[in-house]
Amino acid sequence: MRLPEFWLLMILAGVFAGAMEIAHAYDRPPPRQDFAVSVAAYADPTTPQQVHVSLAGENKMRISWITDKHTPPIVNYGTSSGKYEHSATGVISSYEYVTYISGEIHDVVIGPLNPNTVYYYSFATGSSSTPEYSFKTPPAQFPIKFAVSGDLGQTGWTKSTLEHISQSNYDVFLLPGDLAYADRIQPLWDSFGRLVEPLASQRPWMVTQGNHEVEKIPAIHHTPFTAYNARWHMPFEESGSTSNLYYSFEVSGVHVVMLGSYADFGYGSDQIRWLESDLKKVDRRKTPWLVVIVHAPWYNSNYAHQGEKESVDMRVMMEGLLYEARVDLVFAGHVHAYERFNRVYNQETDNCGPMYITIGDGGNREGLASKYKEPQPTISVFREASFGHGELEIVNGSYAKWSWHRNDDDESVESDSVWLKSFASDTTCKANKK
């Protein structure tokens with residue numbers, strides 16, 4: 001690929017981690033109300049709703065949807081609108097939560113699929129109100145763009161964030177936990193599925209869990225993550241994990257690890273053993289970029305969520321593994337604000353450590369975490385309590401641009417950006433190339 005001139009000039013000028021920032025005074029707009037998305041007026045009980053797609057192994061995609069009444073788990077798909085040369089059959093499940101009984105949750109894996117291709121798909125429901133959907137597969141090689149935002153919820157600011165993401169021409173969406181903010185009110189999971197369907201049905205959404213997905217009720221509902229695991233099936237089996245709460249996937253030269261802040265991460269835990277095994281399998285010749293997603297941030301200069309074991313203890317248990325593997329970036333949510341750190345290891349700047357970014361600013365109903373510790377730690381480069389989203393544009397195996405886009409009223413404003421060089425291409429920090 002030939003780089004645009006201004007990107008090339010920036011790279012040649014050495015504009016890498018920490019060297020480029022954009023900042024200006026900003027008066028935050030007020031909070032916005034929660035809302036719920038109802039079933040479409042045209043829908044009948046067999047009409048698919050809450051459609052979303054996710055990566056499911058090499059050249060495959062999982063399509064998930066819900067119906068109120070039974071329909072077969074069959075997806076018809078092809079590369080021309082209305083012409084479906086292929087068909088795939090999957091499975092149906094449902095779950096109960098106290099008095100709530102979900103609709104039928106359909107999961108169908110389709111493929112093999114061609115890269116960078118638009119596929120049209122429909123469901124074998126027999127209903128006259130079943131629409132046609134489409135999605136675009138990620139490219140086989142660089143460049144690739146990820147959109148990133150955590151702690152979405154269902155507010156007016158969530159809607160604004162989603163609109164900005166939809167305009168970003170992204171290939172894959174990464175969500176570091178706290179999706180619906182249902183908090184045990186199960187119909188809010190249905191509302192969230194309808195809210196994100198226009199985006200999540202067209203591009204793969206890869207998510208991990210946050211504290212709002214736990215949803216245990218003492219003496220009433222003991223099983224955590226019931227709704228999350230049923231509704232958002234991620235490719236944990238394909239990555240050798242035994243839990244939907246942590247997994248990995250590879251796409252277009254990037255190895256992405258999704259960790260579980262609220263799954264066991266102690267000595268000898270399955271998550272630790274799986275992470276060690278997964279990182280050893282990474283081949284930086286095939287996937288020169290290595291990215292990790294977690295919910296509770298390991299580095300945080302905001303007063304919110306200080307001292308939590310999911311942050312402090314998990315960092316103690318896993319930071320060394322990520323450092324030795326030469327992870328390039330670690331994204332987190334949980335804190336409802338944005339903060340970017342230098343490359344860090346063991347609480348100090350380290351040019352061979354990951355860059356840590358907190359981006360729990362998707363629009364949730366709890367509002368922004370606006371109080372930061374002063375003075376600003378030297379390892380913290382940029383921080384702001386505003387809603388927004390991020391974009392990670394990986395140009396090639398060596399260079400990538402990260403940018404954070406604030407929701408300035410209803411416009412997306414690039415407010416922080418930085419260029420990165422991958423450890424796979426950095427001779428000073430040797431990454432395992434096998």
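Analyst: Some ground rules before we start. This is a predicted model, where local features need pLDDT of at least 70 and side-chain atom pairs count only at pLDDT 80 or more, while totals for chains, interfaces and linings use all residues. Residues are numbered from 1 along each chain as its sequence is written, and side-chain values use heavy atoms, with hydrogens and water left out.

User: Which element gives the most to the lining of the largest cavity?

Analyst: A cavity is a set of points on a 1 Å grid over the protein atoms alone where a 1.4 Å probe fits but cannot get out, and lining residues have an atom within 4 Å of a point. The largest cavity has about 100 Å³ of space, and its lining includes Trp65, Trp189 and Arg231. Two or more residues each come from β1 (49-55), β2 (61-67) and α3 (187-200), these being DSSP runs (helices H or I, at least four residues; strands E, at least two). The top contributor, with four residues, is α3.

User: How many residues of the contact of α5 with α6 are nonpolar?

Analyst: Contact means heavy atoms within 4.5 Å. On α5 the contact includes Ile272 and Leu275, and on α6 it includes Met314 and Leu321. Ala, Val, Leu, Ile, Met, Phe, Trp, Tyr, Cys and Pro count as nonpolar, Asp, Glu, Lys and Arg as charged, and the others, Gly among them, as polar. Besides one polar and one charged residue, the number of nonpolar ones is eight.

User: Which element gives the most to the lining of the largest pocket?

Analyst: A pocket is an open set of grid points with protein on both sides within 12 Å along at least five of seven lines. The largest one has about 720 Å³ of space, and of its 29 lining residues, Gly57, Glu58, Asn59, Glu250 and Val251 lie nearest the centre. Both β14 (247-251) and α5 give two or more residues, but the most, four, come from β14.

Key: Points joined across faces, edges and corners; volume = space filled by probe spheres on them.
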